[in-house]
Amino acid sequence: MNRTRNDCRRYIAQAAVEYLIAIMVGGSFLATLTGSLGMSDGLTGVITSFLSLGCVFQLGTAFTGGPTKRMVLLLSVGNQLLFALLYVIPLLGGSKLLRTAGFIAAILLAYFLYNLAAPRKTVWLMSLVDDAERGRFTAKKEIVSLAAGMAFTYALGAWIDHCRAAGRLHAAFAGGAAGLLALTAVHTALLARTTAPAEHQTPAAAKSRLRLPGRAARRAAIALTIWGIAANLAVPFYGTYQLNELGFSMTYISVLQIVQATARIFVSRAWGAYADRHSFAAMLRRCLLVMACAFLINTFAAPSNGAVLFLFYNILYGIAMGGLNSALTNLIFDSAPKAECANALAFSQVASGAAGFAAALAASAVVRWVQGQGSRLLGVTVYAQQLLSLAACAATVAAALYIRFAFRRSGAKEAHAE
């Protein structure tokens, strides 16, 4: 019992460290890196959505054999070292084209390694948690990550602003690379001390399970896919929008992220308890409706009111995300037999990732076209991100409606019924 409790604590700590790493290579921090290399808003949005495209590589988990713990450790170290390299590339000499190509190659390979390990890592670590407490445990894990992320985000944003004002942005990037290396060491130590799973999959056994998941899991995959489209229509383009058109400082962006995290912390336990009492499908539907309202607010965000509207957006986004990420993963666990969870999770992420990346490419074309028009349509000033927010709102409502009609019964019951 003590061993299981300690493993769960290490899982919570590991997730927090992984969250800090994700903060450093996402959103406005990523936009700062790409901006230093002279990349356009559209290209930055596409690069941000590499996370979704990378989910396609989760199919590769079916071809990886050997002990799960060793495989996860090696791939995690590899992807995190590549993330550190992203902060080093802007410091290097050479042509802009060469550095841009190196940056894109590094981030794509990093997400390839991350997603190759993700399904087996998730199944391994979630196997340490009592099924009856998954909602509350996931909420606790998220609260710890968010609390750590709030202070970290503000400190990092203020540091980058300070370095930029002093004309020493290169110092911020050097510090970021060193910080990522330190976080990699801590993350590796936590995983290394976590109890390995009792079984490991061989390539032959994995390939024999490389098939479409069951009916209930396929419905979960469709729900994830619609949400993947909605999220990638707008969110990858908010980083450059806040920095460029809206003129936010990194410090203010960090404050917004702290507000968002605070909102998530306040609602996470309530969402988790609700899911344990009812179902993750019911919780997901409600989270998506809140998210649709957040996107709708950003439809009206402009330089004159952006500071206020993005504040409200982040509050609603935090409330929605307080349950959404947990619901997406646990919907798969509820919809597939335990022996098929890794396979079902991989297929669901592949479908969602591929559709999300296609949506980001289409959204990038919209950004280029609107900016090419001088951000004016029919004589009215309209920013591309406003149009993308409206499209994301509609897609999110569609996802909520789909879940309303596709999950009339408990996903867990359907999985066992199959």
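1. At 37% relative accessibility, Arg5 counts as partly exposed (buried means under 20% relative accessible area, exposed over 50%, partly exposed in between, with a 1.4 Å probe and protein chains only). Arg5 sits in helix α1, residues 2-24; helices are DSSP runs of H or I with at least four residues, numbered from the N terminus.

2. The model is predicted: local features need pLDDT of at least 70, side-chain atom pairs count only at pLDDT 80 or more, and totals for chains, interfaces and linings use all residues. Residues are numbered from 1 along each chain as its sequence is written, and side-chain values use heavy atoms, with hydrogens and water left out.

3. Arg5, Arg9, Lys140 and Arg269 form a positive surface patch. Patches take residues with over 30% relative accessible area and no salt bridge, like charges being joined within 9 Å.

4. The count of salt bridges is four, each defined as a side-chain nitrogen of Lys or Arg within 4 Å of a carboxyl oxygen of Asp or Glu. One of them joins Arg10 to Asp7, with the closest N and O atoms 3.0 Å apart. These two residues are three apart in helix α1, so about one helical turn separates them; both are buried.

5. Glu18 pairs with Lys121 in a salt bridge whose closest N and O atoms are 2.5 Å apart. This pair links distant parts of the chain, helix α1 and helix α6 (residues 96-126), 103 residues apart. Both Glu18 and Lys121 are buried.

6. Glu142 and Arg264 form a salt bridge at 3.0 Å between the closest N and O atoms. Because Glu142 lies in helix α7 (residues 134-165) and Arg264 in helix α12 (residues 250-277), the pair ties together parts 122 residues apart in sequence. Glu142 counts as buried at 12% relative accessibility, and Arg264 counts as buried at 8%.

Terms used
Patches are made of residues with over 30% relative accessible area and no salt bridge: like charges are joined within 9 Å, nonpolar side chains (Val, Leu, Ile, Met, Phe, Trp, Tyr) within 5 Å. Accessible areas come from the Shrake-Rupley method with a 1.4 Å probe; for residues, only the protein chains shown count as cover. Lys and Arg count as positive and Asp and Glu as negative; His and the chain ends are not counted. The place of a charge is taken as NZ of Lys, CZ of Arg, CG of Asp or CD of Glu.
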